[in-house]
Amino acid sequence: MSNIIRAALVQQKWTGDKESMIANAVEHIRNAASQGAQVLCLQELFYGPYFCQVQDADFYAYTESIPDGPTTELMKEVAAQNNIVLIVPMYEVEQPGVYYNTAAVIDADGTYLGKYRKNHIPQVKGFWEKFYFKPGNLGYPVFDTAVGRIGVYICYERHFPEGWRALGLAGAKVVFNPSATSRSLSEYLWRLEQPAAAVANEYFVGAINRVGVEPLGDNEFYGQTYFVSPRGQLVGEAASDTEEELVVRDLDLDLLTEVRDTWAFYRDRRPDTYEGLVTP
């Protein structure tokens, strides 16, 4: 039997308001489903600008409850209508003053499966995220979906190998990394780190970036959204570095067994020697 899943990624430009960003995302989801996509991930904080270019409490207004907020409820309906698994990155409010950078995971029948909260929070020029987000407290969950076991890692976290490995050890076959990353700081790393993570952890990675220059700063988000295989090879071409784009690719999950049998990284791990890595 074929073990191929058709997966999709969306890189968007900021439209100027939350409502049109959501409508634009829904259009992309329906387009992907019409092409046979079974799972789709949106970009980091998908319905807003990347407001972390500045430190302004007015942007706390972009928060929503997850799963009880309106966008999660809408996306549950969209997932069920289109029979597609969705990873939906949003700005979550847990209680007044406690906010997270979060991705909701929704199964193809519209069932809310859970959420991932970004664990590693940067605080550098143009990425003032500690002003907006509390570090995640849900660990590194892997979600059993209609297309198999998937994981989520968010943007800056791609610089931290520990989370990538935790997702692999938990059985993830595909890990999605929704991002908002800009040309001046990290473009040279974009096609280095995530293919390396896919190789080291022997799964597929979907790397999503937004695109364009937004009014809050001079960061140019460079797109180049792509899927990469556990061999470290791009699955098809990367998306444009200047234009909005929907990426749809077929991922052969049988390749995971082939690669793991060849390299056997999980067999040859030495966790008994790693204690010092987690010593404060």
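This is a predicted model: local features need pLDDT of at least 70, side-chain atom pairs count only at pLDDT 80 or more; totals for chains, interfaces and linings use all residues.

Student: What makes residues 70–82 a helix called H2?

Tutor: Helices are DSSP runs of H or I with at least four residues, strands are E runs of at least two, and both are numbered from the N terminus. H2 has 13 residues, so the run passes that cut-off. Its span, first C-alpha to last, is 18 Å, close to the 18 Å expected; the expectation is 1.5 Å times one less than the number of residues.

Student: How do you know which face of H2 is buried?

Tutor: Buried means under 20% relative accessible area, exposed over 50%, and partly exposed in between, with a 1.4 Å probe and protein chains only. In H2 the buried ones are Thr71, Thr72, Met75, Val78, Ala79 and Asn82. Down the H2 axis they fall within an arc of 120°, so they line one face; the arc is taken from the directions from the helix axis to the C-beta atoms. On the other side, Pro70 and Gln81 are exposed.

Student: What covers the buried residues of H2?

Tutor: The cover includes helix H1 (18–34) and strands E3 (85–95), E4 (98–106) and E5 (112–117), with contact meaning heavy atoms within 4.5 Å.

Student: What makes glutamate 202 stand out, and is it buried or exposed?

Tutor: Most residues other than glycine have a negative phi, and most peptide bonds are trans. Glutamate 202 has a positive phi near 60°, and sits in the loop between helix H4 (183–201) and strand E11 (204–208). Its relative accessible area is 1%, so it is buried. Glutamine 224 also has a positive phi near 60°, and at 8% relative accessibility it counts as buried.

Student: Why are E5 and E15 called edge strands?

Tutor: The open sheet has 6 strands in the order E5-E4-E3-E2-E1-E15, with mixed pairing. E5 and E15 (245–252) each have a single partner strand, so one side of each lacks a neighbour in the sheet. The twist averages 30° from one strand to the next.

Student: How do you know that E4 and E5 pair?

Tutor: Two strands pair if DSSP finds at least two bridges between them. E4 and E5 have 5 bridges, in the antiparallel sense, so they meet the rule. Alanine 104, for instance, has lysine 115 in E5 as its bridge partner.

Student: What makes one face of H5 the buried one?

Tutor: In H5 (residues 254–263), Leu255, Leu256 and Val259 are buried. Those residues fall within an arc of 105° seen down the H5 axis, so they line one face. They pack against E11 and E15, while Thr257 and Asp261 on the other side are exposed. Alanine 264 follows H5, with a positive phi near 55°.

Technical notes
Residues are numbered from 1 along each chain as its sequence is written. Side-chain values use heavy atoms; hydrogens and water are left out. Axes are lines fitted to C-alpha atoms, for helices over the stretch in contact, and angles run from 0 to 180 degrees between N-to-C directions.
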